[in-house]
Each structure stands twice: as structure tokens, then as C-alpha cells.
Amino acid sequence: MAHQITNFIFDIDGTLINTYEKYMPPMIDVMEKHGYHVPADQVDSLKRKLFGITGADSLRQGGVKEEDIPEMVAEWRALSFQREDLVTVFPGIKEMVTGLAARPDTKLAIATSKVREDYQEHFVNDYDWTKYFDVAVTEELTSKHKPDPDPILLTMDKLGARPENSVYVGDTINDLKAAHNAGIKFAGALYGSSQPQNIQDADYPLHEPQDLLKID
């Protein structure tokens, strides 16, 4: 059976792998160290709100002064990599990716807020199923990031993809906005989202990764 959607573009964190515990507690630790106190009753909501965007944008939206961001991002990354053992693959991801890759005329790609080094060293090198992604657009390749459409548009350009044949798969409201701003459909990874209520209006709600195999 021929499928209308033939270009699948993926976010990584919260969509393919669960990195919430790797990244978000260290963010709070670094903010506290540098004098940006988050009240205890606001910590959880702030972590959920800022998950899934670039490190700089997370700190910026968290109220960090621009001049403090570069040093804090570096410290945050260093602390996060000490928690690499907390990262897991969402159940069914490998089967979903390999199932899509087996379809004729179907292309898979990545549009992520990760920097290239993190993408290569802490994603590609860790999982054999990443070989199925034809294109990867990382943070450095665009000056604007989600919810702006630039990363998705660049990915589509590299794929030679048309909007009507493309879908972006992500787990946050910024992913949803980026997809729609790029003029394509959005598949919401409810199974991995830290704020699933924000993506209930996804064009394709995904309760498990295998649901993506069912869309046309």
C-alpha cells in the first residue's frame, strides 16, 4: 500500500530517547550555583516547561542574564554527561524506526536542538538504528530554533521533501509550533512528553511509537 507521508522528521529528546533526568536536574543545580534561585514549588513546572529546547534558550527563558549563559551552558552539559546512564530508549522505538525505513520511497531525518557533538557522541554512537536517518540538522546549522520553523525547513530542503508528504514527530509545544510554522503535519509523542496536555491537538497523537506506522 502506498503511503502519502513519506518523509518522517524526528526530534530526539523526549521523542526517541528519554533524556529528561539526564538534563533537567543539572539545569536547576547550575542555576542555583549561579544565584538564580527557583522556589521549590516551581522547580518541577520549570523543568517541564524548558525541556526540549536549546540549552541557551532554556536558560534565557529561565531568566538567566545573557552574559552568564555561555559559562552556564558549558557547566550544564558537563554535569549532564555524568548522568548518561539515566538515558533510556522509549519502548518500541527501534521497531518503529526500522519499520518505517523498510518502506519504499520513505526517508527519515532528524531536526534537533542538540549540538552536533552531542548528536554524534551520545546518540549515533549509542544506537544502531540511527543509521536509518538520512539527514540530521543540529543546533549549529540554523540561527533560529524551535518554535521557529528553520530547523525543519532546512531538513526538508536537504531531503528534497514536499510539505504534503512530510511530518514532524516531537514531544513539546515548541515542536508542534515549529511543524505548523513549517507548513507540515505534527505527530505528538504523548508517550514521552513532559507536558502531554500541550500537544493534545497534534495532527497525529501518538500513544506509543508504533502509532506512527498507522498514519497515511
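**Notes on the predicted model**

1. E66 is partly exposed, with a relative accessible area of 46% (buried means under 20%, exposed over 50%, partly exposed in between; 1.4 Å probe, protein chains only). R60 is also partly exposed, at 36%. The two form a salt bridge whose closest N and O atoms are 2.6 Å apart; the term means a side-chain nitrogen of Lys or Arg within 4 Å of a carboxyl oxygen of Asp or Glu.

2. This is a predicted model, in which local features need pLDDT of at least 70 and side-chain atom pairs count only at pLDDT 80 or more, while totals for chains, interfaces and linings use all residues. Residues are numbered from 1 along each chain as its sequence is written, and side-chain values use heavy atoms, with hydrogens and water left out.

3. By the salt-bridge rule the count comes to 14. One of them joins E75 and K33, with the closest N and O atoms 3.2 Å apart. E75 is in helix α4 and K33 in helix α1, 42 residues apart (helices are DSSP runs of H or I, at least four residues, and strands runs of E, at least two, numbered from the N terminus). K33 is exposed, with a relative accessible area of 60%.

4. K94 and D128 meet in a salt bridge at 3.5 Å, N to O. K94 lies in helix α5 (93–101) and D128 in the loop between α6 and β5 (133–137), so the pair ties together parts 34 residues apart in sequence. Both count as partly exposed: K94 at 39% and D128 at 48%. Separately, D11, K146 and D175 are linked in a network of salt bridges.

5. D118 is found in helix α6 (116–124) and is buried, at 5% relative accessibility. Its side chain makes a polar contact of 2.5 Å with that of R77 (a pair of N or O atoms within 3.5 Å; within protein, one must be able to donate a hydrogen and the other to accept it, and residues adjacent in sequence count only if both atoms are side-chain atoms). Leaving aside residues up to four places away in sequence, D118 touches R77, F81 and F123, where contact means heavy atoms within 4.5 Å.

6. A202 sits in the loop between β7 (185–189) and β8 (204–206). A202 is buried, with a relative accessible area of 9%. Its C-alpha atom is 5.7 Å from that of F186, 16 residues away along the chain. Not counting residues up to four places away in sequence, A202 touches L176, F186, A187 and G188.
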